[in-house]
Amino acid sequence: MKAKALVYCENEFGRIDGKVANGLIRQSETYDIVGVIDSSKAGQDAGEYLDGVKNSIPIFESIALALEELKAIPEYFIYGIAPLASFLSDEQREIIFSAMKRGMNIVNGLPEFFSENSQFARMARNYGVTILDVRKPPKRENLHNFSGRIQEVKVPIITVMGTDCAVGKRTTALLLVEALRNEGLNAVFVTTGQTGLLQGSKYGVAIDVLTSGFATGEVENAILNAYEQEQPDIIVVEGQGALSHPAFTSSSAILRGAMPDAIIIQHPPKRKSYCDYPKIPMLDLVDEIEMIEIFSKSTVIAITINHENMTHVEVNHMIGQYESEFNLPVTDALLHGCDKLVKELIKTFPELKRESVLV
C-alpha cells in the first residue's frame, strides 16, 4: 500500500518551480497523492490543470481545508516546490510546523535539511513525526569516486539531456522507460534529482548537493547498481540542468559518469532565457547539441519538445520543422508518446530488437 501524502505547492503548481509537485502528480510509486495545496488554483483537478486529463486529485486552498474535505490526516506532507532560493520563508516554515502539529511526517526536497535544524527537529520530536530530507547526500565514507567501471556495462546507456533546467527531462525519461517496457524490454531508470527519488526511483542520487569530486562517481555507481541488480536491456539516465547553463554543473557530471552511448535532448521552443535568469539568453538548440556531442563524444539521436506556452498546432509545426532541420526524430512525449524514440533506439541498437522479440 502506498502511503497517502499531501503536497504543498503554493502559487507554483504547474509552473517551473512546482516541478516536484508536477512530477508527483504524474507518477509516484511511493506515495498516494491525495491533494495539492495551492490557493491560486483551489477547487481544480490537479491532473486536468497540469495535463488536461482528470485524475481526481484535488487542489486545496490550505491544509485546514484539505484535512476537512479529506476527513483523514495523510501520513506525509511533501514540500513540492523547487525554487532557486532554497530556503523557506517564515510563512512556509509555519505551514510545515502546522503539518507537524497535525501529525504528518515531513518530506523535504530542498537542499536546506530540516533534520539538521534544531527548531524543526524539536517540533518533530514533540509531535512524534519524522523528517525525511530526500536530497541529503550519503555520508562521506559511503560516497564513490569515479572508477571507470562504467565501461563494463554492456547494454546501451541513454541520457535525456536538456537545453535548460525544468524542461521535462525526467518526465520524458520515465515515459520512455515505460514505452520500452511495453515493447518487452527490461528498461531501467536512473534518477539524478530529488523528484525522481520522491517518485520512488530505485536507483540514483540527487547529485546537485554533492561535491564535484563525488558527483561523477555517484552517477557511475547508480548505473552500475542498476546494471548488476536488474540485468537490464537498456538504462535511461535522467539529465539535470543544461550543459550550457552557467549556474549548474550537474550536466557535466552526468555525462562524465554515465558515458552515454546515445543522447536524447529536451527543448522548450518558446523559452528564450534560462530558468530564473531572464537576462541570460538560452543557447540555440543547434549549439547545445554541438556542445553536448563534443563534450560527451556521444551522439544526439532524437529531440523531444516541452510544449510550455505552445498550442498543439504550434507543437506539430515545430516537430516538422525540427525533423527537417536536424534530420532527427522529434516528438513531444507527453502529447504524442515515445514511439519515435523507441524506433530510433532499436535502429541505433539492433540488439534491442532481438531482446524485445524474445520476450
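Student: What should I keep in mind before starting?

Tutor: The model is predicted, so local features need pLDDT of at least 70, side-chain atom pairs count only at pLDDT 80 or more, and totals for chains, interfaces and linings use all residues. Residues are numbered from 1 along each chain as its sequence is written, and side-chain values use heavy atoms, leaving out hydrogens and water.

Student: In what order do the strands of the open sheet lie?

Tutor: Strands of a sheet pair through backbone hydrogen bonds, either parallel or antiparallel. Here six strands run S3-S2-S1-S4-S5-S6 with parallel pairing. Strands (E, at least two residues) and helices (H or I, at least four) are DSSP runs numbered from the N terminus; a pair needs at least two DSSP bridges. The edges, pairing on one side only, are S3 (59–60) and S6 (131–133). S2 (residues 31–37) joins S3 over two bridges, and Ile 37 stands opposite Phe 60 in S3.

Student: How do H8 and H9 pack?

Tutor: Two packed helices are described by the angle between their axes and the distance between the axes. Axes are lines fitted to C-alpha atoms over the stretch in contact, with angles from 0 to 180 degrees between N-to-C directions. H8 (residues 212–230) and H9 (residues 250–258) meet at about 50°, axes 8 Å apart. They are therefore oblique: not under 35 degrees (roughly parallel), over 145 (roughly antiparallel) or 65 to 115 (roughly perpendicular).

Student: Which residues make the contact?

Tutor: Contact means heavy atoms within 4.5 Å. Among them are Val 219 and Ile 223 of H8 and Ile 254 and Arg 256 of H9.
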